Every structure is written in C-alpha cells, then in structure tokens.
Amino acid sequence: MNTNTRITRSSCLSALCFVAMLTAAPVLAAGNQFTESFAFDPGQTLDLNFKVGGSIKIDGWDQSGIEVTYGDKRRSLEEYQIDFAEDTAGLSITATERKRLNQSNLYFEFKAPREMVLELFTAGGSVDLSGLR
C-alpha cells in the first residue's frame with residue numbers, strides 16, 4: 001500500500017466521522033429540549049424570573065394558551081432549577097442554577113396570546129418580542 005492510498009482511506013474515514021457527528025448533533029440537542037403547554041387567557045400575566053440569563057423569545061398568537069419550548073444548547077437541564085406555577089393571575093416561571101455555571105446557554109421560546117401583561121427579570125441575554133400588543 002503506498003502513501004497516497006493510506007491518505008485517501010484516512011481522509012474518507014475522517015469525512016465519515018465528521019458526517020456522523022453532524023448527523024448526531026441535532027439528535028443530542030433535541031434530547032435537551034422540552035415543550036410545555038399551559039392554560040392562559042389574553043390579559044393574564046406572564047411572570048419570568050430568570051436569574052441565570054439566557055435568551056428569551058416571545059411570539060404573539062391569536063389563541064389562548066401558552067406553549068413554552070426551552071432547553072440549553074450545551075448543558076443538561078438538570079443543572080438548572082426551573083419552576084412553573086399557574087394561578088388565576090397567569091403563569092410564573094423561575095429559572096436558577098443548581099450550581100454556579102460560567103455561562104448559561106438556556107433559552108425559552110414562547111407562543112402566547114398577543115394581549116398579556118409581561119413581567120420580566122433576566123440576568124442577561126437576548127430578549128426578542130414580536131406580535132404582542
């Protein structure tokens with residue numbers, strides 16, 4: 001076997017490993033993402049208290065109820081304490097770290113009624129609001 005044949009086989013093996021990693025990455029990330037649905041009427045309060053920071057995206061929609069998709073792009077959600085509380089006023093969500101992390105990659109994406117009261121505290125990160133009144 002000459003040097004060119006060894007390099008070609010090695011290159012093919014490296015390319016196959018790279019493709020396998022790219023294919024598996026979305027599967028691994030999807031296991032760290034959850035979606036929850038809650039009863040929620042227009043005019044109620046969404047209270048977000050995120051002491052860990054991270055990104056928040058809220059899209060308004062023309063229906064009652066809230067759909068929350070959340071996860072972390074790099075860490076297990078077991079490293080956070082995430083609490084959901086429903087009452088007559090609306091929905092409260094609190095997120096804190098179980099232990100000190102260097103950087104949070106936590107994200108929350110909401111589909112919520114266009115008309116609501118939003119109370120928001122975050123330790124940092126992006127906030128994207130669209131379709132709300």
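In strand β7, Phe108 is the bridge partner of Tyr70, and the two residues belong to a predicted model in which local features need pLDDT of at least 70, side-chain atom pairs count only at pLDDT 80 or more, and totals for chains, interfaces and linings use all residues. Residues are numbered from 1 along each chain as its sequence is written, and side-chain values use heavy atoms, with hydrogens and water left out.

Strands are DSSP runs (E, at least two residues) numbered from the N terminus, and two of them pair if DSSP finds at least two bridges between them. Strand β4, residues 66–72, and strand β7, residues 106–113, run antiparallel and are joined by six bridges. Both take part in an open sheet of five strands with mixed pairing, ordered β1-β4-β7-β3-β9. At its edges stand β1 (33–38) and β9 (127–130), each of which pairs on one side only.

Aromatic pairs (rings of Phe, Tyr and Trp, the last by its six-membered ring, with centres within 6.5 Å; stacked if the planes are under 30 degrees apart, edge-to-face if over 60, tilted otherwise) number six in the structure. One of them, between Phe34 and Tyr70, is tilted, with 6.0 Å from centre to centre and 35° between the planes. Because Phe34 lies in strand β1 and Tyr70 in strand β4, this pair ties together parts that are 36 residues apart in sequence. Tyr70 counts as buried, at 8% relative accessibility, where buried means under 20% relative accessible area, exposed over 50% and partly exposed in between, for a 1.4 Å probe and protein chains only. The rings of Tyr70 and Phe108 form a stacked pair, since their centres are 5.5 Å apart and their planes are at 15°. With Tyr70 in strand β4 and Phe108 in strand β7, that pair ties together parts 38 residues apart in sequence. Phe108 is buried, as is Tyr70, whereas Phe34 is partly exposed, with a relative accessible area of 38%.

Note on methods. Helices (H or I, at least four residues) and strands (E, at least two) are DSSP runs, numbered from the N terminus.
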